[in-house]
Amino acid sequence: MDTVIEFFQAIPYDQIVIQTLNGIVTGMILALIASGLTLIFGIMDVVNFAHGELFMLGAYMGVVVLATSGSFWLALVIAVLVVALLGAAIQITTLRPLLGRDPLNTILATFGLSLVLQNYALWQFGPVARKIQEPFTGQFTLFYLQYPWYRLVIAGLSAAIIGGFWLFLKYGTFGIWIRAATQDRVMAQAMGIPVPWVYTAVFAIGAGMAAASGVLFGPLVGVNHAMGLDWVLKAFIVVVVGGMGNLGGSILAAIFISLLEAYASLWVSPAQAVIVSFVALILTLLFRPTGLFVSTPR
Amino acid sequence: MRNRQPIFYWAGFSVILILLIVAPLVLPEFWRRFLTEILIWGLLAMSSDLLIGYTGLVSFGHSAFFGLGMYGAAAALLTTKPPSLWLATVYGLVAAAGVAAFVAYFSTRLRDIYFAITTLIFSQIFYVIIFTWTEVTGGENGLTFSRPPFAVPGIFSFPMTSQTLHWFVLAVVTISYLLLRRITQSPFGMVLQSIRENEARTRAIGYPTERYKIVAVMLSGLFAGLAGVLYAVQNRFAAPDFVFFLVSGEVVIYNVIGGIGTLVGPILGAAFFLLLREGLSRFFTEYYLIPVGLMFIAMVIFMPQGLLGFARRWLNR
Amino acid sequence: MSPDPTPMEPLVTVEDVHTYYGKSHILHGVSLIVGKGEVVGLLGRNGVGKSTTLKTIMGLVHPQQGKVLLEGQPVTSLPAHKLARLGIAYVPEDRRIFRLLTVMENLRTGLDRHGVTDARKQELLDKVFAYFPVLAERRSQAGGTLSGGEQQMLAIARAMMLEPKIILLDEPTEGLMPRMVSQIREIIDVLHREGVAILLVEQNVPLTLAASQRVYIMEKGVVRHHCAACELNVNDAVIQQYLGV
């Protein structure tokens, strides 16, 4: 009996709460990145290996605009717009010609793109990490720590962006177009829906979402040319665990995995905590390959 | 592929082989090593072609097989005295095969895109393990060791100079090429190609496609691991960088540039890419990947058959 | 044969069109004309290329040779979505409504267009709900939950939302109960009265002959016979030759 009491007393409750918050914050950012990825896959059947680089470029755009204008929020808006346009340009030049070809081609093309974008960033901005300043510093007391408000704000903003997009998808005309094009590309065209442009817009939106995460997350990590790599990997794990093309699943998976990693880093180093996500992936592949959070396994 | 006369093929093959044998005698040291490296990366690319070109599976996991081959060899060379080339090869192949079996088990049940993603994630898993398990793998810094002699204990022993190493590598790569060629032209290889064309139909005819895919991944992993062993012997170190998935990506680039499904194409692709990198890095320093990447994307869009395919069509005019 | 019944004011002209699916040569030089406001029937056995002809007109497949003209203007290489905006609507075999979208959303795919006022949209909706009251009832239901006949109505209603100049109807009565078949016939008549042209592909010969002004009969990828509908009778040798089992 005593050992049980000792066990429960030894659990660091305050740290668990802190890690829960951290997990949710990271999870929301990851959800934002993964949403874009799963959207692009679900609607266009394209695996966008360059997604992490769009995240990274968003962060860099944020750095640049912040440096010239001093306003974080302006930086956020401009970064999203610029990267969305870049995304549209990429889709038109690189992905449209590949429409209808073997999916292998888009995997290779986006992979090549990620190399180009990464090295472009390295070339333009150099290897030294930059920092984005938070728009406000302000903390509240959580146990013995000062927990920054900013972190909660970005979690909220990410949720808002995802939620806003979901509403747009459900009610707007464009949302109907996207859903129609996803279900039956041919009939959508026969109804006058300009499907190639729908695809371009979807890619641009996905890119914009990645850019937003880049800017929002920038203050928490250094901005450097390789930051996309870690995140794209995590995002892919999230997308597979949540179910490819399943928006709700990706969000749940993102939070789930981030929470697990946050808890794990109480006991092991962060570099090793990522193994948690790998384990989640392996378990998913073993038992529910269509996704952990898919309601009916197909 | 069998559209030219076998005699021309073997004639061409012999000519190239002779050139490669003679090369280290005439080339300066730097280019000698460069040529050897091309052969090693070519072997890695060939192993990848078995999956991409013949089975239709894009694998980003080759860096794991390559890396484990490297580390396996390192383990042998560091732990046994005297360091034995053959033991290093065995250890490397076993390690690579083990990893390949593991990856194969999970990935082969998935279709195209998922397969690519899971192999990528698996190579990252091994990267993280190797990177963080410092006591065993040397972590970030990797492992260094000395080059073993080319020896059969008790019978003879030659030190492995860069020349003898080149010939050794050439022999291994040539034999591997011939083996792979035999495999792809065998009934087994035909089934793989049928899987590439239409897996559902192949399964409907009655072939257990999963098992074929698993064997394909393992074979591919073995040859990739062999390349890793060769690399370890040549460079005398093993580092986690080689397990990072970007290396797999580069290998896939060699395949596409050279022409998938040709075995020879990937070697050409590797040569082309490495030469290009050498050349461009004189002008662009580290940013050579930007023009190369753009070129690669253009090739995927306009020349999906790769250099070899393009050359073939040009010759057939 | 009686004097050429071709109309004075052609709306859609198909000129010597050759269409392939991959290597299969499906249309071997099809030519036909649909005049403004006309109902034209396209008859023939299964597999002769009737659906392919419709798809070629709709821009869903492009011919290797030959031309498609809309009001005299060549539109052969235009993508389907542009043709839909120019006034060609398509109701395919097996309806192909968007199963996961509601009835209303299905209609909106055609309704939400540039330059259509809200008032006009409401008019169109009211009109279509008047013809198909069951759609009004089910407007918030997912398309996939509708019965076969209801889906056919939705497919036609959806096409009407485009305010088209011509509707390409591919076997609208297939698999429908007789009561529904006569409802389809009524709709065709209503559309005809409103001046919408119709190119009707059908296996139901009596219906086609009754509803159309002219008919074409196809065989093996070409048009073999062309005349005014009134000249033909179900028992005619021509019909037996090209459509008999």
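In what order do the six strands of the open sheet of chain C stand? They follow the order S6-S7-S8-S3-S9-S10, with mixed pairing (two strands pair if DSSP finds at least two bridges between them). The model is predicted, so local features need pLDDT of at least 70 and side-chain atom pairs count only at pLDDT 80 or more, whereas totals for chains, interfaces and linings use all residues. Residues are numbered from 1 along each chain as its sequence is written, and chains are lettered from A in the order in which they are written.

**View 1. Edges of the sheet in chain C.** Strand S6 (88–91) and strand S10 (222–228) of chain C each have a single partner strand, so one side of each lacks a neighbour in the sheet. Strands are DSSP runs of E with at least two residues, and helices are runs of H or I with at least four, numbered from the N terminus. S6(C) runs parallel to strand S7 (residues 166–170) of chain C and is joined to that strand by four bridges, with Ile167(C) as the bridge partner of Ala89(C).

**View 2. Helix H2 and helix H6 of chain A.** The axes of H2 (residues 13–44) and H6 (residues 149–171) of chain A come within 8 Å and cross at roughly 30° (axes are lines fitted to C-alpha atoms, for helices over the stretch in contact, and angles run from 0 to 180 degrees between N-to-C directions). H2(A) and H6(A) are therefore roughly parallel, a term for angles under 35 degrees.

**View 3. Chain C against chain A.** Here 21 residues of chain C are in contact with 15 residues of chain A, contact meaning C-beta atoms, placed from the backbone, within 7 Å.

Methods: Angles under 35 degrees count as roughly parallel, over 145 as roughly antiparallel, 65 to 115 as roughly perpendicular and the rest as oblique. Two residues are in contact if their C-beta atoms, placed from the backbone, lie within 7 Å.
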